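Student: I have a structure open that I have never looked at before, and I would like to talk it through. Could you walk me around it?

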Amino acid sequence: MTYRPYVSHSLGRLGRTSPRLALPALLATLVLPASLLVAPIGTAAAAETDPALASFYAQDATWGPCADRSPRVQCASVEVPMDYRNPGGRALELALLRVPSTGKARGSLIVNPGGPGAGGMDFAEYLATVFDANVRGAFDIVGFDPRGVGESAPVTCLTGKQTTRWYRTDPTPDTARELRTLWQRASEISDGCLTSDPQLARFVGTDNTVRDIDVIRSAVGDEKLNWFGFSYGTSLGAVYAQEFPGRVGRMILDGGVDPKLDAMEVSKDQSDGFQLAIQRFASDCARKTGCVADTRNGVITAINALLRRLDRNPMPTDGSRRLVQAEALTALFFSMYSTDLWPTLRTGLRDAAKGDGTTLQVLAQLANDQTGPDNYGTNIASAFYAIGCWDFPAPPGIPGLRSAAREWSRNVSVPQMAQAMSWGNAPCSSWFAHSPTPPQPVTSTTDAPILIIGTAYDPATPLRWSRALAEQLPTSRLLVHRGDGHTAYGNTSMCIDDLTDRYLLTGALPAAGTTCTS
């Protein structure tokens, strides 16, 4: 099941992604903003001079060939303490990938695609193909799999079979039996994390990843961090600017997350964002040949009829498993990440109206990075919850989620999408532990200029979040993209790309109030 549109860099740009690029699992509770560091303010900033951390900061990344990858990229690893309060204890090995500069590098540009739970190694390799030649000449592009993710001490909470079962669980329970099933399977995720590695499961939150980023900065030989974070990666960047204000170099935050929101506030804002996105899709679809209807209202009516039908009976596909409502919802959410996916969704809805769920199921499998009946290309199904559920205080239990589902679905275009957004918080409601620090506004004393990019119709990170983040970071400047889809750089606006590249190369921010249109 699940419908937390996973927050990562515009993954709908399928035509330009590397075959190895991990696509998102559209899990359940959506963008999970970072909580602040558990350590007192000032402690993190002193990390490099802390004798207990000296061996970690003394590391130099030793770059060499990457197994099963292009010869143009290099790999390395860096050790970090699992628990920064006990650096002499267990250490974790983080995997890094570098695409070397084509010129004389002025340093590294560390990139993160979002998540939480998305790996950055594949992403760095992909993003290097998107950057302007001048940017590629100026920076080594570096990506890393955060702790608990991919090749960096991956956390495991679900087996492949459990993952498939979870993705197919009814996300809009309307009977006692469906609710019991949802709650039982949601609880299994937390239990699975503790069973697999009870120590690791308690140390994969954002607070520790921010500390890891500073160790990586030191290991690649940079005095200051150059950072390009998308979606949840903006939370990592913003908290880094708070904790290490003197070490901020170039910093771009595309698809800003508002750190002061709790899990339910995040889900409500995203629910509203996806309702607007599906309306815009419906208007576009109605103008195209092969749409299920020739008016926006007609398209919305067809979507709702399909979801009601699937709530009663699965639909045949050309595979061994029938299309269930959970997969159709995943296809809808996923397709709102990029207009590049709208034609495929248009075809899928038309086919489903004729009783064939194949195309919608393929979209769901792509969204979930499903490579076989019970096989997945990444561990994001586990990592998203392990990281995100720790970062937030617990969402409400069954009565609260039921109430929110009812309230959010009133007077909206596709009520079952809104219901799924509320119930998607169920795994975190029963999580074993949470960060003691509640979400709150980020602050920073940095004097470095920071570029924040927000997209007007971004469903997963609404523009108001980028505006809020810009207000919290005094040296930042907001650049607005008037367009659709999740995040902006490398998408459809040369204006966004050009202004971002200029900032990377010169440090010059766009003029206040600048808006780019696709």
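This is a predicted model: local features need pLDDT of at least 70, side-chain atom pairs count only at pLDDT 80 or more; totals for chains, interfaces and linings use all residues.

Student: Disulfides to begin with, then. How many turn up in the whole structure?

Tutor: A search of the whole structure finds five disulfides, and with the bonded cysteines counted along the chain they follow the pattern 1-2, 3-4, 5-6, 7-8, 9-10.

Student: Which cysteine is joined to Cys66?

Tutor: Cys66 is joined to Cys75, with an S to S distance of 2.0 Å, and the link is right-handed, with 110 degrees about the S-S bond.

Student: Are those two buried or exposed?

Tutor: Cys66 counts as buried because its relative accessibility is 11%, and Cys75 is buried too, with a relative accessible area of 16%.

Student: And what is Cys157 bonded to?

Tutor: Its partner is Cys193, at an S to S distance of 1.7 Å. This pair links distant parts of the chain, since Cys157 sits in the loop between β7 (140–144) and α4 (160–167) while Cys193 belongs to helix α5 (residues 176–196), 36 residues apart. The torsion about the S-S bond of Cys157 and Cys193 is about 80 degrees, so this disulfide is right-handed, and both Cys157 and Cys193 are buried.

Student: What about Cys495 and Cys516, is that disulfide left-handed or right-handed?

Tutor: The disulfide of Cys495 and Cys516 is left-handed, because the torsion about its S-S bond is about -50 degrees. The pair, with S to S at 1.9 Å, links distant parts of the chain, with Cys495 in helix α18 (residues 494–506) and Cys516 in strand β14 (residues 515–517), 21 residues apart. Cys495 counts as partly exposed at 32% relative accessibility, whereas Cys516 counts as buried at 1%.

Student: Changing topic, which residues touch the most other members in the largest nonpolar core?

Tutor: That core has 118 residues, and those that touch the most other members are Trp227, Met251, Ile278, Phe281, Val299 and Ile303. Apart from it lies another core, of 34 residues, among them Leu109, Ala138, Ile141 and Tyr503.

Student: Why would nonpolar residues gather like that?

Tutor: In soluble globular proteins, nonpolar side chains tend to be buried together.

Student: Pick out Phe281 for me: what is it in contact with?

Tutor: Leaving aside its neighbours within four places in sequence, Phe281 is in contact with Val299, Ile303, Met336, Trp342, Leu345, Arg346 and Leu349.

Student: And where is Leu469?

Tutor: Leu469 is in helix α17 (residues 463–472), and with a relative accessible area of 0% it is buried. Not counting residues up to four places away in sequence, Leu469 touches Thr234, Ala238, Leu253, Gly256, Val257, Pro259, Val442 and Ile452. Taking one of these, Gly256 is 213 residues from Leu469 in sequence, yet their C-alpha atoms are 6.5 Å apart in space.

Student: What lines the second largest cavity?

Tutor: Its lining consists of Asn112, Gly114, Pro116, Gly117, Ala118, Pro146, Thr209, Tyr232, Leu236 and Ile387, which divide into six nonpolar, four polar and no charged residues.

Student: Tell me about Thr209, where does it lie?

Tutor: Thr209 lies in helix α6 (residues 206–219) and counts as buried because its relative accessibility is 3%. Beyond its neighbours within four places in sequence, Thr209 is in contact with Phe144, Pro146, Arg147, Val204 and Leu236.

Student: Pro116 was in that lining as well; which residue does a cis peptide bond join to it?

Tutor: A cis peptide bond joins Gly115 and Pro116, with omega about 0 degrees, and Pro116 itself lies in the loop between β6 (114–115) and α2 (121–127).

Student: Last one: what is the phi of Asp68?

Tutor: Asp68 has a positive phi of about 60 degrees although it is not a glycine. Most residues other than glycine have a negative phi. Asp68 is in the loop between β2 (64–65) and β3 (74–81), and it is exposed, with a relative accessible area of 72%. Asn411 also has a positive phi, near 55 degrees, in the loop between α14 (398–408) and α15 (415–423), and at 83% relative accessibility Asn411 counts as exposed.

Terms used: Residues are numbered from 1 along each chain as its sequence is written. Side-chain values use heavy atoms; hydrogens and water are left out. Helices (H or I, at least four residues) and strands (E, at least two) are DSSP runs, numbered from the N terminus. Buried means under 20% relative accessible area, exposed over 50%, partly exposed in between (1.4 Å probe, protein chains only). Contact means heavy atoms within 4.5 Å. A nonpolar core is a set of buried Ala, Val, Leu, Ile, Met, Phe, Trp, Tyr and Cys residues joined through side-chain atoms within 4.5 Å. On a 1 Å grid over the protein atoms alone, a cavity is a set of points where a 1.4 Å probe fits but cannot get out, and a pocket is an open set with protein on both sides within 12 Å along at least five of seven lines; lining residues have an atom within 4 Å of a point. Ala, Val, Leu, Ile, Met, Phe, Trp, Tyr, Cys and Pro count as nonpolar, Asp, Glu, Lys and Arg as charged, and the others, Gly among them, as polar. A disulfide is a pair of cysteine sulfur atoms within 2.5 Å.
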